[in-house]
Amino acid sequence: MQNPYTRRVVGRHSYVHRAQAELALTRPLLPGEVVHHIDEDKANNEASNLMIFKNESSHQLVHKLAKEDVTLIQCDDGAYLAVRKLRVCAVCGREFALPRHAKKTQKHCSPECGRKSLRRVDRPSKEELIKLVYALPMLQLSKQFGVSDKAIAKWCNEYGIEKPPVGYWAKRRSLGH
Ligand SMILES: [Zn+2]
Ligand SMILES: [Zn+2]
């Protein structure tokens with residue numbers, strides 16, 4: 001179906017996104033109305049990526065929210081709801097919302113996980129780790145480094161270190177070492 005606004009809109013604006021928005025709204029944009037790209041990609045002019053604001057100040061609010069780690073979800077009635085984005089903690093794997101004034105680069109959920117993530121930087125060298133994995137059981141080793149046993153296994157993988165075979169520790173215990 002030919003939309004009645006198509007020609008008028010394209011004739012008046014050179015902006016594709018405004019034309020697209022008017023098509024989706026099936027009415028011309030009102031004076032002052034601003035078209036916003038939800039994914040902030042100005043080339044993505046799909047109707048589902050466009051949001052209409054009554055004026056520039058409410059439009060600016062959305063850009064401010066985006067900087068605060070907030071995402072907008074559309075409700076059934078067409079209104080938008082600002083929802084704090086959830087991140088996954090790099091240390092414990094829990095989901096968390098970034099506190100309002102936290103740094104954007106924060107990757108951990110709590111000060112405790114933050115300290116653990118710092119300790120992770122003290123990864124032993126390959127030579128040290130080879131000695132360690134054959135000197136201490138995984139669980140003890142992980143406690144010593146303050147990381148999970150999965151993290152130690154990951155280090156081994158990345159260094160290409162072969163972990164002690166199954167039964168290694170039982171055998172050592174039986175030999176009285
Ligand atoms: Zn915008
Ligand atoms: Zn955590």
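User: In which loop is E40 found?

Analyst: This is a predicted model. E40 is found in the loop between β1 and β2 (50-53).

User: Where does T26 lie?

Analyst: T26 lies in the loop between α2 and β1 (34-37), just after α2. Its phi, near 55°, is a positive value in a residue other than glycine.

User: Is T26 buried or exposed?

Analyst: T26 has 9 other C-beta atoms within 10 Å and is therefore exposed.

User: Which residues of helix α2 are buried?

Analyst: In helix α2 (residues 16-25) the buried residues are R18, A19, A21 and E22. Viewed down the axis of α2, these buried residues fall within an arc of 160°, so they line one face of the helix.

User: How many helices and strands does the protein chain have?

Analyst: The secondary structure of the chain comes to eight helices and six strands. Along the sequence, they follow the pattern α-α-β-β-α-β-β-β-β-α-α-α-α-α.

User: What share of the residues in the protein chain is buried?

Analyst: Buried residues make up 8% of the 177 residues in the chain. A further figure concerns contacts with a separation of 6 or more: residues 24 or more positions apart account for 28% of them.

User: How is the packing of two helices described, in general terms?

Analyst: Two packed helices are described by the angle between their axes and the distance between the axes. Here, helix α5 (residues 126-135) and helix α7 (residues 149-159) pack at an angle of about 125°, with their axes 11 Å apart. That angle makes α5 oblique to α7. The crossing in which α5 passes α7 is left-handed.

User: Which residues of α5 and α7 meet?

Analyst: On the α5 side they are K126, L129 and V133, and on the α7 side W155, C156 and Y159. By class, this contact of α5 with α7 has five nonpolar, no polar and one charged residues.

User: At what angle do the axes of α6 and α7 cross?

Analyst: The axes of helix α6 (residues 138-145) and α7 cross at roughly 95° and come within 8 Å. The two helices, α6 and α7, are therefore roughly perpendicular to each other. From α6, the contact is made by M138, L139, L141, S142 and F145, and from α7 by D149, A151 and I152. By class, the contact of α6 with α7 has six nonpolar, one polar and one charged residues.

User: Why does I152 count as buried?

Analyst: The criterion is a count of at least 20 other C-beta atoms within 10 Å. I152, whose place is in helix α7, counts as buried because it has 24 C-beta neighbours inside 10 Å.

User: Which residues is I152 in contact with, leaving aside its neighbours within four places in sequence?

Analyst: I152 is in contact with M138, L141, S142, F145 and V147. For R123, which is 29 residues apart from I152 along the chain, the C-alpha atoms of the pair are separated by 9.2 Å.

Methods: Residues are numbered from 1 along each chain as its sequence is written. Chains are lettered from A and ligands numbered from 1 in the order in which they are written. This is a predicted model: local features need pLDDT of at least 70, side-chain atom pairs count only at pLDDT 80 or more; totals for chains, interfaces and linings use all residues. Axes are lines fitted to C-alpha atoms, for helices over the stretch in contact, and angles run from 0 to 180 degrees between N-to-C directions. Helices (H or I, at least four residues) and strands (E, at least two) are DSSP runs, numbered from the N terminus. Angles under 35 degrees count as roughly parallel, over 145 as roughly antiparallel, 65 to 115 as roughly perpendicular and the rest as oblique. A crossing is left-handed if the near helix is turned anticlockwise from the far one by less than a right angle, and right-handed if clockwise. Two residues are in contact if their C-beta atoms, placed from the backbone, lie within 7 Å. Ala, Val, Leu, Ile, Met, Phe, Trp, Tyr, Cys and Pro count as nonpolar, Asp, Glu, Lys and Arg as charged, and the others, Gly among them, as polar. A residue is buried if 20 or more other C-beta atoms lie within 10 Å of its own, exposed if 12 or fewer, and partly exposed in between; C-beta atoms are placed from the backbone. The arc is that of the directions from the helix axis to the C-beta atoms.
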